[in-house]
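Here are my notes on this one, point by point. Have the model open while you read.

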Amino acid sequence: MTALHEYPAGVVWAAHHTTGLWRVDFRGGVRPDAPVKNYRSAEGVPSALNQYNAVLLSWAGGLGGVMAGKFVRYDEPAVRFVPENRIEGVPTDNTGGATAWIIDSRTGADGSLWLLPRTLDPLITRVVPVGPQRWRAETPPGPALRHYFGTAFRLDEPNQTLWIAGNGLLLSRDLAWQPGAETAAPVAVIRRIEEAGGKLISGD
């Protein structure tokens with residue numbers, strides 16, 4: 001089992017490659033007979049879920065996850081997962097739920113959600129609150145990082161820095177970066193061309 005995640009305190013969730021998602025309640029103590037529940041397609045878990053395509057996260061006051069390309073959230077009263085349909089600016093499926101493939105996620109102090117997609121473009125996606133129970137996905141400002149595939153990242157909010165690892169490199173991205181004024185391209189004027197011996201080829 002992988003994709004281990006604790007939410008709320010004392011409750012551990014884990015993805016399995018053949019048996020779906022598991023919830024183990026250790027709030028009564030760590031013991032072999034702790035209450036266990038299995039979530040599968042009947043409970044809203046994508047049938048293609050395995051331990052390699054699941055990322056669980058605590059966000060928006062609850063449990064969410066990206067499983068087998070589907071962005072879902074846990075509806076505790078209904079005891080099932082439902083499509084995440086509160087985010088603007090993301091691809092959706094025929095249910096209106098967000099679709100995504102991500103490797104990692106981090107939650108910001110302002111309620112934003114940072115995602116590391118399994119794509120080169122965009123390298124990072126930030127989901128920001130825009131109203132009660134509403135969010136919008138955006139790409140943080142900054143120059144594009146071509147041909148760089150991130151595999152892990154850390155959000156350093158006190159220093160306004162995003163650290164991204166991948167391709168054998170560790171990159172830092174300044175979250176306070178703002179584009180400056182564009183400068184004109186330099187102009188080169190060739191007035192004279194000579195050979196090494198001084199023979200004039202072109203020019204005065």
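1. Start with Arg-106: its charged end sits over the ring of Phe-153, 5.7 Å from the ring centre. By "sits over" I mean NZ of Lys or CZ of Arg within 6 Å of the ring centre and within 35 degrees of the ring normal. Lys-37 does likewise with Tyr-39, its charged end lying over that ring at 5.2 Å from the centre.

2. A word on what we're looking at: this is a predicted model, where local features need pLDDT of at least 70, side-chain atom pairs count only at pLDDT 80 or more, and totals for chains, interfaces and linings use all residues. Numbering runs from 1 along each chain as its sequence is written, and side-chain values use heavy atoms, with hydrogens and water left out.

3. How many aromatic pairs does a search of the whole structure find? There are 8, counting rings of Phe, Tyr and Trp (its six-membered ring) with centres within 6.5 Å; planes under 30 degrees apart are stacked, over 60 edge-to-face, and the rest tilted. Take Trp-13 and Tyr-39: their ring centres are 5.3 Å apart with planes at 40 degrees, so this pair is tilted. Trp-13 belongs to strand S2 (residues 11-16) and Tyr-39 to strand S4 (residues 36-39), so the pair ties together parts 26 residues apart in sequence. Strands here are DSSP runs (E, at least two residues), numbered from the N terminus.

4. Both Trp-13 and Tyr-39 are buried, that is, under 20% relative accessible area with a 1.4 Å probe, protein chains only. Tyr-74 and Phe-81 make another tilted pair, 5.0 Å centre to centre and 50 degrees between planes. Tyr-74 is buried at 14% relative accessible area, and Phe-81 is buried at 2%. Ring pairs link Trp-13, Tyr-39, Tyr-74 and Phe-81 into a cluster.

5. Now the largest pocket, lined by 19 residues, with Val-90, Pro-91, Thr-99, Ala-100 and Thr-125 nearest its centre. A pocket is an open set of points on a 1 Å grid over the protein atoms alone where a 1.4 Å probe fits, with protein on both sides within 12 Å along at least five of seven lines; lining residues have an atom within 4 Å of a point. Its volume is about 300 Å³, meaning the space filled by probe spheres set on the points, which are joined across faces, edges and corners. Strands S11 (113-117), S12 (125-131) and S13 (134-138) each supply at least two lining residues.

6. The second largest pocket has a volume of about 200 Å³. Among its 14 lining residues, Asp-121, Pro-122, Leu-123, Ala-144 and Leu-145 lie nearest the centre.

Terms used
Helix = DSSP H or I, 4+ residues; strand = E, 2+ residues; numbered from the N terminus. Buried < 20%, exposed > 50% of the residue type's maximum accessible area, 1.4 Å probe, protein only.
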